[in-house]
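Please keep the model open while you read this note. Each point picks out one part of the chain to look at.

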Amino acid sequence: SVGTIDRFHFLLKSLFLIFSLLLNVLVSEPLVDLCLALLAVVVPLHSTMQFLPNCPACNDSYCIQGSTLNTHRPMLLCCGHTFCESCINKWKVKNKLKCPKCKQSTNFTRNRGSVKALPQDIYVSGLLALNQQTLFHREFHNPISYSREKAPVVQKNKTVFCFECHQVSADIECLQCDVAMCNQCFKKVHTNSVALKMHQSVPLGSEMTAINQEVDKCLVHKNRILEYYCQDDKVNICSRCVIIGKHKGHNIVAIEKNNEILLDSLKESLPTASIVINKMKSSLKGLCTLASKDKEHLVTVSKAIHEYFHFLHAKLQTREMQLIEEAVKTFEENKFQSENFKKQLTEDLKNLESDFNSAVEMLNNTEEIHGNILKVINTIKNAENIPCYLKLPENDKASFQFLPNGDIVKRIGSLGRIEMDEKHKHLISSLEEFPEAITKEDLESSKDITLSFQLFSYPKVFDKEPEPKPSCEKQALRRPHLLQRSISGQVEQVLVTHLRNPSDFMVQKCSNIQKLKTLMKQIENWCLAASGIKDNLLLDVNLDDFVFAQYSLDNNWYRARVKRVETVFDDTQKAYIKVVEVFYVDYGNSEILHMNKLLLPPVKFFKEPEYAIKCCLSSITSVSQDDVWSAEAIKVFATIVHSKILTMTVLKELHGVWYCNLCTPPNNHIRDDIPTFLQDALVFLGYAKYDTGETSLLLKDVTSRDYPSAEPRYVSETLEVMVTHAESPLHFYIQKMGIEYQYLAVSMEDMQTVYQADTKDLWVIYCPVKDLVCACQCPSDNMWYRAKVIDVPGEQMVNVCYVDYGNTEIVSYRNLRKLLDKFIMLPIQAKLCKLAYVEPLDSKEDWTMGTNWLVENFLLKECLIKVVAVHDSYTEVVLQHTESNLIVNEAIVELGYAKKSATAPDKIPLICHRSCESPSINGSLSPEPSIEKKNDNLSSTIPVQPPVDHKSPPITLSESQIEVTISVFHSLSEFYLHTVENHTKLTSLMESLEEYYNNSEAEPGVTGTIGGDYAIYYPVEGKPFSWYRARVNDILHSNLIQVFFVDFGNTEIVQVSSIRMLATNFMVNSSYAMKCHLSGYISAGDKKEWSQTACEFAIEELKDKRYYVVKKV
């Protein structure tokens, strides 16, 4: 059992520790290595059975609940394969994803195309939950021991993110806080506190964070090293105990001298211990090796079972557990057999050694009478019948394996089996059964042991001199190349470390960067210590020799391989010298160095594989006839990949070269951002062409990112607009004046600040596609505008439309940038219009003169329009110049640039545009109520003040009638009222708000939360009050928010600096504005919305009247 193995090795470990001091002094290196190997053989087997699945793409562990920044929940694709949520988010392109394993597509149609709509793998989630429960019970029933142990070493093969910001990788660790941070967060956290300033930081992964000081310290005088030994009290003490402690005046010796005395006392028992170790090492080492292999086989078999049942977990979970139990039982049987063999072997070894020692003693002392001589003679003569030879398996195949059935649906009850290979059973046989197992070395060893007892000397192994080291000057390190292997469909995050051209470049896996940093640090330390030692210098090298080379640019040492050796004439030394071209195996670049820049490396530094991977972009070739990449292509490729983490999908591996797709990952600050495939970028820029039959890796219509829909227009609607672009009287664009126009001006100013800053190529679009939203720099004024790609004609040019102005332009791709999320929130401002009631003079439709007249007189001028007809893509309008009241539709006909259509009226009436405030409706209102169109997303109304009381003739009201005043009128289906009886309460509330918040300063950190209630500062000239209660509806910009005045019913846009936290005493009263609609009536024509004419008529009818509402019973 596991317990027997642990007890056996505990005894062996104790024996080794007793002789550890003597081994350092008297024993040669081979025996030390042997003992160390014996101590590290067996580990608890139950840990190998707790196999938890990882994401096959990033190899990170799954978690049940994911955070916002790092989500690793197991999500199930429609094909049945499971990946973590983070990887799926990286691969998803416009609500679609191709499985990296089987290439089957998965559509994201629910929950707005979110990955969270995918089902979570219940089977994997159950394993994770069960593992957490098991760990909890294990920790609960096995309390943590507080004995001194080594601190856990930080894993160096996995990126550790900063504990504070969770965005960048950590590079230091605070010893007192016991957390990993980046340098910036460490300074931020530890700067504002005197106590925290005293905390000490060390590099992440440093030995100071992993290893505690193992020097014994004095228990009385803390932090004092034990240097002396008190012979009276028989304890180790420090120097202060000798001088001023309770051991003053005792017999004190140095701790080294006391150790020498102890070593002498162990000499009598050391020969016996030596023979025990030598006799046990062969068979015990073989058994331990088999146990280790069986454990590896068990892990392999368990993993195969898990992967097989993972795909069929719904029906096969019960059978899976049965097979796992059978596998464990088979393993336990093998282990039980091995333990019995060990136990019997150990017992026989002990008895045989005892009788053997007695026999040797009898031979050395023939005159002494021995009572057990017959037993000893019988045991020695029958020694060859004792099992002692371990017959190892002929190959390394697993002793048992998992065999899945073919037809699993019909044979679900007996699916799979665990089969034991009889050839792999290890047997312990006697020398009588295998006499050929006795070798000459065994016979010589027995003679040496006998002689050692006769001379009472140490065993032969202690007297062996260490072998001389080979000369480094004549031999260089020759090892086969350890290259990393790929799997088709494998997805890796990589960094490009060296570039020759797009068909020949070197990358490093991001998962190996931490390992490489640790390796480089070890190499640098070794080279600094070995650079002055003559034996480490190289006088001659050959091709493919591995060396340490000192890079000329930073003078650091790196692993390298010799590519070429030449003899050249050195003008400085006036002699021929040998130079070497070396290839840096972890980075991919080459360099020519002198021999004095090379060192002979130890073998251990080249056991790790070469971290530089040679890659080639698939599916494309150079456009040149000789298939040579141009300098411009290499420069652009280098610019795109420089210092960026890229996503690489391996397609195949051929002769050590990985053929792959390479793309830049989506920008985390841009929602639904699409990746940039290097192949597509090079083809678009004209530096490459696709192979025959190949197409773009990025589907041209796979961008779901678009501007919000503009508000619809309605017939008879009147608007204040500005003409922004005109191609003809039947094709021109307008912008609506108002809040959105102001917000656009703010956004434009912000865009200039953001995009004119030096961001290198952070937001450059190297492969624009049709319908892509972007920011575009206009070549004529160098201003940045919101735009959309409408065509890609080629030769690095793009046809874009400026969505807020309507004009189009062909620009270079260098003028495009990715549009940040904060600039996409505003709907498209340019609305395509057509003059109503006009048509061209003839069939040629020549609008040149009419267009020129329209542009010269009305472009960028304020105008009024009235909607005549609404179509899907454009709106027919009547256009009127605001300043001159000139109706453009009639004027263009009178000037002879157009003619009237058949539907045109004899006379087009002037457009009468009303101000935001309506005429007075009721004398009890002061000022007048606001009129706000229902369909305006961002209104420009001004909150009305609470009405003052006016004396009016007494009137008798029924119990169901309530006298009211109008606060805000949107339409007959939405208007807000105040009851007359609440006028005094509302006035009192407004006065209290004014008194409480007057002269208050902006509160830091208060930026507004959607749905939150705040006090809003909104002064209007001529109004007595400036502070209102309001609720935040939307956050339009970092400085602008949209709020709803709860006591009046209107909506406004205010600055963030105008809001204050609403005091608790102002939250007691409910809102005084009642939202109402006209009951029992709908608009004419079964329209959902009341027309502007109907609303204006209602306002006129309600003027100068008192009105009441009737409560419905």
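**Notes on the model**

1. Start with one pair of residues. Arginine 564 stands opposite glutamate 581 in S19. The strands that hold the pair are S18 (residues 557–570) and S19 (residues 575–584), which run antiparallel and are joined by ten bridges. Strands and helices here are DSSP runs, numbered from the N terminus: a strand (E) has at least two residues, a helix (H or I) at least four. Two strands pair if DSSP finds at least two bridges between them.

2. A word on the source. This is a predicted model, in which local features need pLDDT of at least 70 and side-chain atom pairs count only at pLDDT 80 or more, while totals for chains, interfaces and linings use all residues. Residues are numbered from 1 along each chain as its sequence is written, and side-chain values use heavy atoms, with hydrogens and water left out.

3. Now the confidence. pLDDT is the predictor's confidence in each residue, from 0 to 100. The chain has a mean pLDDT of 75, and 74% of its residues reach 70 or more. Over residues 914–957 the pLDDT is below 50, yet this stretch has 130 contacts in the model beyond near neighbours in sequence. Contact means heavy atoms within 4.5 Å.

4. The whole chain next. Its secondary structure comes to 24 helices and 49 strands. Of its 1113 residues, 42% count as buried. Buried means under 20% relative accessible area, exposed over 50%, and partly exposed in between (1.4 Å probe, protein chains only). Among contacts with a separation of 6 or more, 63% are between residues 24 or more positions apart.

5. Return to S18 and S19. They belong to an open sheet of five strands, in the order S20-S19-S18-S17-S21, with antiparallel pairing. Which strands stand at the edges? They are S20 (590–594) and S21 (598–599); each has a single partner strand, so one side of each is left without a neighbour in the sheet.

6. The buried residues of H17 include Leu516, Leu519, Met520 and Ile523. The buried residues of H17 pack against strand S16 (504–509), S17, S18 and S21.

7. Strand S45 (residues 1040–1045) deserves a look. Six of its six residues are buried, so S45 is largely enclosed by the rest of the structure. Both faces are covered: Leu1040, Gln1042 and Phe1044 lie on one side, and Ile1041, Val1043 and Phe1045 on the other.

8. S45 has partners in two hairpins. Five bridges join S45 to strand S44 (residues 1027–1035), antiparallel, and four residues separate S44 and S45 in their hairpin. Valine 1032 has valine 1043 as its bridge partner. Five bridges also join S45 to strand S46 (residues 1051–1055), again antiparallel. Here leucine 1040 pairs with glutamine 1055. The S45–S46 hairpin has five residues between its strands, and glycine 1049 in the turn has a positive phi of about 100°.

9. Histidine 881, in strand S38 (residues 875–881), counts as buried at 11% relative accessibility. Its side chain joins that of serine 884 by a polar contact of 2.8 Å. Threonine 965, in strand S41 (residues 961–971), counts as buried at 1%. The side chain of threonine 965 makes a polar contact of 3.2 Å with the side chain of histidine 983.

10. Last, leucine 76 in strand S1 (residues 74–76). Is leucine 76 buried or partly exposed? At 22% relative accessibility, it counts as partly exposed. Its C-alpha atom is 6.4 Å from that of leucine 118, which is 42 residues away along the chain.

Definitions and conventions:
Polar contact = N/O pair within 3.5 Å; in protein donor to acceptor, adjacent residues only side chain to side chain.
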